[in-house]
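Open the model in your viewer and keep the selection tool ready. The tour goes stop by stop, with something to select at each one.

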Amino acid sequence: MPVNTVVTRDMIDRCRIRHEDLFRSVIAVLCSAIGSYVSPGKIANTLKSSGFKSVDNETVQRYLGYICDAFLFYKVNRFDIKGKEYLKTQFKYYAADLGLRNAAIRYRQTEITHIIENIVYLELLRRGFIVDIGKNREKEIDFAARSLNGRQYYI
């Protein structure tokens, strides 16, 4: 598949990744989970249930770092609006290129709401916003966008 040869081969060589199948599976899980809350532990558990016996949270977290450093996905932090603090669990990842994402999963998942959420995130970045996902008590806010002049928008 072209996505595997072009995108992941360079990352596997550059980062000296020994478990290529596991690395590609982490990318596949992210492709399937755009706009959903995920964590390294949740991804590791998903991969364990798919047959990977020796996967741990630290390896998944390291692979997530490589994927984000290569600008394949963006990691979005969760921010407590009321408490004004970043929460340490449950992040969202958005694909930098939906075409590559769709090709990687062979156009199998076309949840329009998740795709639109990904597009909105990319547009907010393009317009220069600093974007977090938000939480206000028990309510979720899809995006908390801050402009460089200090204006705050909740979407």
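Helices (H or I, at least four residues) and strands (E, at least two) are DSSP runs, numbered from the N terminus. This is a predicted model, in which local features need pLDDT of at least 70 and side-chain atom pairs count only at pLDDT 80 or more, while totals for chains, interfaces and linings use all residues. Residues are numbered from 1 along each chain as its sequence is written, and side-chain values use heavy atoms, with hydrogens and water left out.

**The whole chain**

Start with everything selected. The chain has 6 helices and 6 strands. From the N terminus on, their order is α-α-β-α-α-β-β-α-α-β-β-β. Now colour by burial. Buried means under 20% relative accessible area, exposed over 50%, and partly exposed in between (1.4 Å probe, protein chains only). Of the 155 residues in the chain, 41% are buried. Next, think about contacts, meaning heavy atoms within 4.5 Å. Take the contacts between residues at least 6 apart in sequence: 53% of them join residues at least 24 apart.

Select Arg-16. Arg-16 sits in the loop between helix 1 (2–14) and helix 2. Most residues other than glycine have a negative phi. Arg-16 counts as exposed because its relative accessibility is 72%.

Step to Cys-15, in that loop between helix 1 and helix 2. Is Cys-15 buried or exposed? Cys-15 is buried, because its relative accessible area is 17%. Cys-15 and Tyr-66 are 51 residues apart in sequence, with 7.4 Å from C-alpha to C-alpha.

Two packed helices are described by the angle between their axes and the distance between the axes. Axes are lines fitted to C-alpha atoms, for helices over the stretch in contact, and angles run from 0 to 180 degrees between N-to-C directions. Angles under 35 degrees count as roughly parallel, over 145 as roughly antiparallel, 65 to 115 as roughly perpendicular and the rest as oblique.

Select helix 2 (residues 20–32) and helix 3 (residues 40–49). They pack at about 115 degrees, with axes 11 Å apart. That angle makes helix 2 roughly perpendicular to helix 3. Show side chains at the contact. Helix 2 brings Leu-22, Ser-25, Val-26, Val-29 and Leu-30, and helix 3 brings Ile-43, Thr-46 and Leu-47. For classes, Ala, Val, Leu, Ile, Met, Phe, Trp, Tyr, Cys and Pro count as nonpolar, Asp, Glu, Lys and Arg as charged, and the others, Gly among them, as polar. The contact of helix 2 with helix 3 holds 6 nonpolar, 2 polar and no charged residues.

**Helix 4 joins in**

Helix 2 and helix 4 pack at about 70 degrees, their axes 10 Å apart. They are therefore roughly perpendicular to each other. Leu-22, Phe-23, Val-26, Ile-27 and Leu-30 in helix 2 meet Thr-59, Tyr-63, Leu-64, Tyr-66 and Ile-67 in helix 4. The residues of this contact divide into 9 nonpolar, 1 polar and no charged.

The axes of helix 3 and helix 4 come within 8 Å and cross at roughly 110 degrees. Helix 3 and helix 4 are therefore roughly perpendicular too. Look for Pro-40, Gly-41, Ile-43, Ala-44 and Leu-47 on helix 3, and Asn-57, Val-60, Gln-61 and Leu-64 on helix 4. By class, the contact of helix 3 with helix 4 has 6 nonpolar, 3 polar and no charged residues.

**Past helix 4**

Phe-71 has a positive phi of about 60 degrees, although it is not a glycine. Phe-71 is exposed, because its relative accessible area is 58%.

**Helix 6**

Select Thr-113, which is in helix 6 (residues 112–126). Thr-113 counts as exposed because its relative accessibility is 56%. Thr-113 and Gly-35 are 78 residues apart in sequence and 8.6 Å apart in space, C-alpha to C-alpha.

**Last stop: a hairpin**

Two strands pair if DSSP finds at least two bridges between them. Select strand 5 (residues 139–146) and strand 6 (residues 152–154). They pair in the antiparallel sense over 3 bridges. Ala-144 stands opposite Tyr-154 in strand 6. Strand 5 and strand 6 form a hairpin with 5 residues between them. Finish on Gly-150 in the turn, where phi is positive at about 95 degrees.
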